[in-house]
Amino acid sequence: MYRIAVTNRHLCEGGFLNRIEMLAQGDYYDAILLREKDLSEEEYRTLSENVLSICRNYGKECILHTFWQTALKLSHPFVHLPLPVLAEMPSGQRGRFRKLGVSVHSLEQLRWAEQYGASYVTAGHIFPTDCKRGEPPRGIGFLREICDCAHVPVYGIGGISPQNEEQVTAQGAAGVCVMSGCMTGKCGNHDCPI
């Protein structure tokens with residue numbers, strides 16, 4: 001199972017870069033998705049330079065989020081985009097990334113993401129989560145439908161924990177994305193480095 005740690009520095013107790021270093025040096029997560037949506041592109045670039053440096057030191061894959069131009073300026077080949085951002089990206093730029101992820105919330109969005117050249121998708125939110133408080137989860141059935149129709153790897157996101165991640169992969173998902181557990185240090189799994 002492939003596990004992606006999704007960042008949210010507002011959830012961290014203690015230093016954010018210290019948390020990134022803990023995640024990068026451990027074996028539990030395969031990649032770190034730097035998803036800091038409230039930053040300007042300039043602020044994001046500064047933070048991403050620091051996070052990329054940490055990830056390189058530990059040989060951990062890092063995926064930048066939203067700011068694909070920043071990824072290109074940093075010669076970084078992995079980026080994850082909201083579907084509207086991908087749709088506006090010039091088609092000639094899409095092929096410059098070795099890994100191009102997209103967030104999807106419906107079958108129609110999956111189809112568009114694949115048409116635009118996504119190499120993987122995240123689908124959610126699957127379970128109740130504080131990040132989407134008050135919004136009903138899409139559930140396991142939704143994930144199964146996405147996995148059955150996808151031509152690219154699918155990663156479940158939203159309310160994922162060690163207690164339910166096997167339910168996610170049982171639907172055909174290639175892996176999971178975890179935010180709260182890895183950012184708060186309350187992963188709940190003895191193999192998790194934090």
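How many strands make up the closed barrel, and in which order does it run? There are 8 strands, running 1-2-3-4-5-6-7-8 with parallel pairing; strands pair if DSSP finds at least two bridges between them. From one strand to the next, the twist averages 25°. Keep in mind that this is a predicted model, where local features need pLDDT of at least 70, side-chain atom pairs count only at pLDDT 80 or more, and totals for chains, interfaces and linings use all residues. Residues are numbered from 1 along each chain as its sequence is written, and side-chain values use heavy atoms, with hydrogens and water left out.

**Strands 6 and 7**
- Strand 6 (residues 120–124) pairs with strand 7 (residues 154–157) in the parallel sense over 4 bridges. (Strands here are DSSP E runs of at least two residues, helices H or I runs of at least four, each numbered from the N terminus.)
- Threonine 122 sits opposite tyrosine 155 of strand 7.

**Helix 1**
- Phe16, Arg19, Ile20, Leu23 and Ala24 are the buried residues of helix 1 (residues 16–25); buried means under 20% relative accessible area and exposed over 50%, with partly exposed in between (1.4 Å probe, protein chains only).
- Seen down the axis, these fall within an arc of 135°, so they line one face of helix 1. The arc is taken over directions from the helix axis to the C-beta atoms.

**Helix 7**
- In helix 7 (residues 139–149), the buried set is Gly139, Phe142, Leu143, Ile146 and Cys147.
- Their arc is only 130° around the axis, so they are on the same side of helix 7.
- Gly141 and Asp148 are exposed on the face turned away from the buried side.

Conventions:
Axes fitted to C-alpha atoms, helices over the stretch in contact; angles between N-to-C directions.
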